[in-house]
Structure formats: structure tokens, C-alpha cells
Amino acid sequence: MGEEVTYRVGIPVLGLRGENFGRLEKVLFSESRHHVTGLVVRSLDSLHIVSLEKVTSVSGTEIRTRLTAQELHQSPAFDPTQYEEVPPWFFPPGHHIELGALVTIKPLDVRELGESEALSRRTFMGKSVALLATAIGVSLLVPIGGYIMAAATTPVTDNWRDLGVKLQDLPLDEPVQKPFRAVSVSGWMRVPEERSVWLIRHSGVSDIWSESEDEKLNLDSPLEKSHSDPRLTVLSPVCPHLGCEPQWHKGQKLFICPCHHSIYQLNGKRIGGPAPRPMDQLPVRIAPDGSISVIYEQFAIGIAAKVRLA
Ligand code: FES
């Protein structure tokens, strides 16, 4: 298999006869040899390393391996303490990692690489971090002034937010991320914030997607229960694992979180990754003319229960 390949984290890993072994979790890269050496496959709750020689094809939608299921489970377990996470831009041209996924390189073997090259890499990483910290510091100065001005002029109404979009204008069974401006009130401070929600208009009121996973698992509070609509599901953009933002991947028809690869279906149901519960559903109100209003709520992350934050 050539090196010009795109690794799409989250896609299924299949055996030669099409058996589903799990999903691609990470890509292993040898810095000293400068090429991909293996893939980390999440199979049920364990992570196994599949060496690249055992991979027969990688396409945009699947990876095929010549391993049998038994051989996969006998493959070495992935031990994260033995590797170093690097961002996709660290890879040289010819290695494409999609979904902003974390990728992994083998730890530097100084004997293989040579002292001076190892040192220059460490210096490079150190400089990158320092540059990033400076950029973050400078970028914070500008919005602080903007927030103070906007806070003084943004009206506070009730908690319902009219999103300025109508039900009939949304595509069917295709999530749309809708940004809006809200005001968060803390003591005497009113701080305008850019927020967003996912809107999913269902093609049928009785299909499997029209009932959110929260409803099925009875995670919703009376507020969400009394303000739901079978025609539309509204999901929080916040991943219930550690608070990143899952993105919709049209080709796979899945939400995938770029941070630790939690994977969710159209209705928010978690089907993979470390998230402890589905994506959180939010209360929604649809006016007779189709206008959509929501209440933006935040919930505790990292726990199975859906606990609203005050
Ligand atoms: S924050 Fe989404 S999977 Fe960890």
C-alpha cells in the first residue's frame, strides 16, 4: 500500500469477508522511519494495534485487513503511555489525517534518530508551544473590549431564543448547526456569548430518529419533556465526555467528536468512544408559522446522568 493515503478516524475496520472488527481510533507514525507503521482499532472496549502490513486497503469509508477476528484480538494492546500524541499538521506531506483527530507517533528513539535531530525536534515543539501561547494571549485582548461593549447593548429577554429559522426551511434528516447570540448572566455581569445548537428535522414522525436517545433512556427533565416536538430534535453542541464539539460527517452520517472520538448517530445516540451518555437534547418550541425557539442549557460533563448546571 502506498503512503499517499487519507486516514479517516472513526471509519469501520473490516475483515476480508466484510466482518466489522471495530473503528479506527488512532494512526501510529514512526518519526524516525517517517512513515505510518500501524493503526489502532477500537474493538468493543479494547484498543489493538494492527500493523500496516496487515492492512490491505484504506478508502474514505472503510479499512480492510487480512486479519481474522481472533488474530485481531491477539494483536498487541495499545498502551497510550508508550506513545506521544501529536496534531495532524505534524505529519509530513503524503500522510493525510482527517477529522482533526489526535494521531500518535512512536516515542523518539534517540539511538535510531541521532541526538542532534532528536534535540532539534524537541526545540521545534517547544517553540511551537511558546508561539501558540503568545498568539492566545494577544487574541484575548481584542474580544475582551468587544464583550464589554456588547454586554451593555444586548437586551436580556427570557431564556427562549428565537433562532431566526423556520422548520420548513431545514433539510430533512440532515443536521444543521445554527449559531446564535446569547447573554450569560453571572451576578452583575452580562456577557454576550456566541453559541450554537444542532437542528435535526425528521422526515417521519415515527422513524427511529424522531425520538431522541435522551427520551428513550428517560434522561430528560420535565422541561425537555414538555418542550419537545417529534418533527425536530435540538442537540447541544457540547460533547458530554469532556466538552469538545462533535462534528457532523455527512458521508458517514455520524457525529464524531474530534477530541476522543466519541461517535453518535443522527438522534444523538452514542455508538462509540468514551462519552458516558448521548448528546444532550434541548427544549424546543415551534410556532404556527414554523419559527424555532430553543432554551440553551448546559449540563455536567463526564457523568452518565444529565444534570443541568445552574
Ligand atoms: S470530549 Fe468528546 S469524546 Fe472526549
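## Strands, turns and cores in a predicted model

Strand β16 (residues 254-256) runs antiparallel to strand β17 (residues 263-264), with 2 bridges pairing them. The model is a predicted one, and the chat below starts from this pair.

Student: Okay, which residue in β17 stands opposite I256?
Tutor: Start with the pairing: β16 and β17 are antiparallel partners over 2 bridges. On the β17 side, the residue facing I256 is I263.

Student: What is the strand order of the open sheet of 4 strands?
Tutor: Pairing in this open sheet is antiparallel. Put together, the order is β15-β16-β17-β18.

Student: And in the open sheet of 3 strands, what does the twist average from one strand to the next?
Tutor: That sheet is antiparallel too, in the order β11-β20-β19. β11 and β19 (284-286) are at its edges, and each has a single partner strand, so one side of each has no neighbour in the sheet. From one strand to the next, the twist averages 25 degrees.

Student: Which residue in β20 is the bridge partner of K166?
Tutor: β11 and β20 are joined by 4 bridges in the antiparallel sense. For K166, the bridge partner in β20 is S291.

Student: Which residue in the turn of the β4 and β5 hairpin has a positive phi?
Tutor: Strands β4 (residues 35-43) and β5 (residues 46-51) run antiparallel, joined by 6 bridges. S43 has S46 in β5 as its bridge partner, and the hairpin has 2 residues between its strands. With a positive phi of about 50 degrees, the turn residue you want is L44.

Student: Is D173 buried, partly exposed or exposed?
Tutor: D173 is in the loop between β11 (160-166) and β12 (176-186), and its phi is positive, near 55 degrees, though it isn't a glycine. Most residues other than glycine have a negative phi. Now count neighbours: buried takes 20 or more other C-beta atoms within 10 Å, and exposed takes 12 or fewer. D173 has 15 within 10 Å, so it is partly exposed.

Student: How about N218, buried or exposed?
Tutor: N218 sits in the loop between α4 (213-216) and α5 (222-226). Its phi is positive as well, about 60 degrees, and it is not a glycine. Because N218 has 8 C-beta neighbours inside 10 Å, it counts as exposed.

Student: Which element gives the largest share of the largest nonpolar core?
Tutor: The largest nonpolar core has 21 residues, and V197, W198, L199, V234, L235, L282 and V294 touch the most other members. Elements giving two or more residues to this core are β13 (189-201), β14 (232-235), β16, β17 and β20 (291-295). With 4 residues, the largest share comes from β13.

Student: How many residues are in the other core that lies apart from it?
Tutor: First, a look at V294: leaving out residues up to four places away in sequence, it touches R161, L163, V197, V234, L282, P283 and V284. The other core lies apart and includes Y7, L24, F29 and L67. Its residue count is 18.

Student: Zooming out, what percentage of contacts between residues at least 6 apart in sequence join residues at least 24 apart?
Tutor: The protein chain has 5 helices and 20 strands. Of its 310 residues, 27% are buried. For the contacts you're asking about, the figure is 57%.

Terms used: Residues are numbered from 1 along each chain as its sequence is written. This is a predicted model: local features need pLDDT of at least 70, side-chain atom pairs count only at pLDDT 80 or more; totals for chains, interfaces and linings use all residues. Two strands pair if DSSP finds at least two bridges between them. A nonpolar core is a set of buried Ala, Val, Leu, Ile, Met, Phe, Trp, Tyr and Cys residues joined through C-beta atoms within 7 Å. Two residues are in contact if their C-beta atoms, placed from the backbone, lie within 7 Å. Axes are lines fitted to C-alpha atoms, for helices over the stretch in contact, and angles run from 0 to 180 degrees between N-to-C directions.
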